[in-house]
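Please look at the sequence and model below with the following numbered points in hand.

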Amino acid sequence: MQSTAHDFKENVGTALADPNLQDSLAKLKVGFSERRRQAAERLPEFEALRDRARDIKNHALANLDFYLEEFERKVTALGGHVHWAPTAADARQIIGDLCKSAGARTVAKSKSMVAEEIALNEHLEGLGIAPIETDLGEYIIQLRHEPPSHIIAPAVHLTKDQVADTFLEHHAPLGFTKRLTERNDLVAEARYVLRQKFLEADVGLTGANFLVAETGSSMLVTNEGNADLSNTLPRMHIVLASIEKVIPTLEDAAVLLRVLARSATGQESSAYTTLNTGPRRDSDLDGPSQYHVVLLDNGRSSVLGTEMQDMLRCIRCGACMNHCPVYGAIGGHAYGWVYPGPIGAVLTPQLIGVDEAGDLPNASTFCGRCESVCPVRIPLPGLMRHWREREFERHLTPRAVRQGLALWSFLARRPKLYRRVTQVANRMLALFGRADGRYRKLPLAGGWTQFRDFPAPPAGGTFHAQWARHGGARVRP
Amino acid sequence: MSDTTNSARAQILNGIRRSLRRGELGGQQRQAVEQRLATPERGPIVARAQLPQAEKVALFCQWAEVNNATVARVEPRDVPAEVASYLARNNLPAEAAVAPSPLLGGYDWESQKLLVLRRGRAEGSDQVSITGAFAGIAETGTLVMASGPDHPVSLNLLPDTHIVVLRESDVVSGYEEVWAKLRDRYGKNNMPRTVNTITGPSRTGDIEQAMELGAHGPRRLHILVVRD
Ligand code: SF4
């Protein structure tokens, strides 16, 4: 997918001015986070499971080469194939070739963030193969030619009415000419339309939540059942997964599954968790006759062993964005690429470069809620801070910020001058309407006050002046 | 394996090793990891499902209902009658695709004269399916299905209504017991092509985050928990 992360500031402006988006985000804030809290409270072992989940992922990452080779050995032993893709282009090529070898005209796809990452749909379309998104949210945004705005609820930015309009436009040629108003009717219509596509598809393409080295299984967690239709009905099943998805054993999967569903949607368990291992056996009555796993690196191996390694523990539950005040204000599209929210702010500069996505790590209030809910305890604010430092070192910070900081450091080293300047500035601030405790406009801070007021400190002079008045120790010049 | 795959594979594996500042795992380090793989360690035990069998079954039923499944507890001889009655109660056709399993074959379906059954995998037009289950997980009210000649996967997914026959003795505490049962049945280095775990009917929250049942899989999941 083409990134617009470099336009982050403009994207934010558009998002804040979109009333439909703001409605949807208001629901998101209460819905997901409240349900997660209740689910965590219902399970006394939840915190211990999070610790264990973190340790499992750390162990898997420290031995990643070993577990990937084990995984491959098991897949191959059962008649499946593993393909290694160092880059996004390699993965596109492999999948395109597999589809062509199957004579595919349509590919039933179940939601995969990695497929978004490598822009698979555009590639398949270029080969004359139609990719069909089957997750309801993905299907809706595919019809609207929009990117996903959330990693587990891709159409969360849309209202029911927008969905109704989209369906009317695209389903009318199929004979559905009535504009629907009820959610269950919309779901039923999509089910009917997509069912035909499932039955026709030549290839089913899914992602994977986990790859289990012990058994060579790919593991998928969904609520709709679309992934299961995708991996059962077509004659070829392709799994596209990034290398950090591999975990050692089924016991480890049990721990991760317990924290994943609760963190993502507050469910005790998602409706469907599926383990696929190899192609159908000779005596099976259904299932695909070919099973392929494409392992994508795309820069991940170079994160190992660095201070950013922790980001590779991510199990893509979405909790960090559900609890993020910045995501809650601007939604997912503003982040400009595949992964939004706090994890996106950490992952995107790594995957597409800090030049392109350097603004994202600044989209944080450092409130720490993301870290406090992350099921694998990724220190997200710390990782964002790290990018900020890297960005500053490389002078990618905007000139105004750099000049401001240079001025501040000049003054900070000259205490007398510093106090004189701040006294003047403090008096001038009074002119901007401090009477009601907030500034609607501030010089040099238009970016802040355009969307919210700046709280005014209580009157009484600068900090230094008050400190002196209250008998604090003198600052020696 | 072609040369390009070989080199792509080497590129990724060597990249990982370079980043981790070591070569291929060897010696004691390798032994420790192989050991961990051969004898999997369990994580923290979820206490709520550590119960005597009868209470485990009750917990299974409770969670299954929380997750929007319906449950009927029956004697083996009443299975066909409950199936027929469920279909009638819900105004569903008395026709179903049935898994060709010995377990299901053991019931007296002839006693239900109106019920038309077809053994085999599901077709797109089937409204109702009937299958057994490999296990039930008490912790969350989850069914476990293992694919094979006696249980085509499509029966779990295509029809609108899925009726499942689960024996009380197949109810276990958590995933860990399911894995043990799978290793017992299929061997340590083998798995069926597909293991589906199913918790309630298919659902979606993709339109305005409101839950709707029957997204792509079954809209109704009815579980017959059978005494044995
Ligand atoms: S960073 Fe943590 S909270 Fe965010 S999606 Fe990944 S696992 Fe979930």
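1. Within β12(B), Leu224(B) is the bridge partner of Ala72(B). The two strands concerned, β1(B) and β12 of chain B (residues 220-226), pair in the parallel sense over five bridges, where pairing requires that DSSP finds at least two bridges between strands, and strands are DSSP runs of E of at least two residues, helices runs of H or I of at least four, both numbered from the N terminus.

2. This is a predicted model, in which local features need pLDDT of at least 70 and side-chain atom pairs count only at pLDDT 80 or more, whereas totals for chains, interfaces and linings use all residues. Residues are numbered from 1 along each chain as its sequence is written, chains are lettered from A and ligands numbered from 1 in the order in which they are written, and side-chain values use heavy atoms, with hydrogens and water left out.

3. The open sheet in chain B has six strands with parallel pairing, in the order β1-β12-β7-β4-β2-β3. Its edge strands, each pairing on one side only, are β1 (70-74) and β3 (116-119) of chain B.

4. Helix α3 of chain B (residues 53-66) lies across β1, β7 (161-167) and β12 of chain B, and runs at about 150 degrees to β1(B); contact here means heavy atoms within 4.5 Å, and angles run from 0 to 180 degrees between N-to-C directions of axes fitted to C-alpha atoms, for helices over the stretch in contact.

5. Around the ligand there are 13 residues, the closest being Cys314(A), Cys317(A), Gly318(A), Cys320(A) and Cys374(A), with a residue counted as near if one of its heavy atoms lies within 4 Å.
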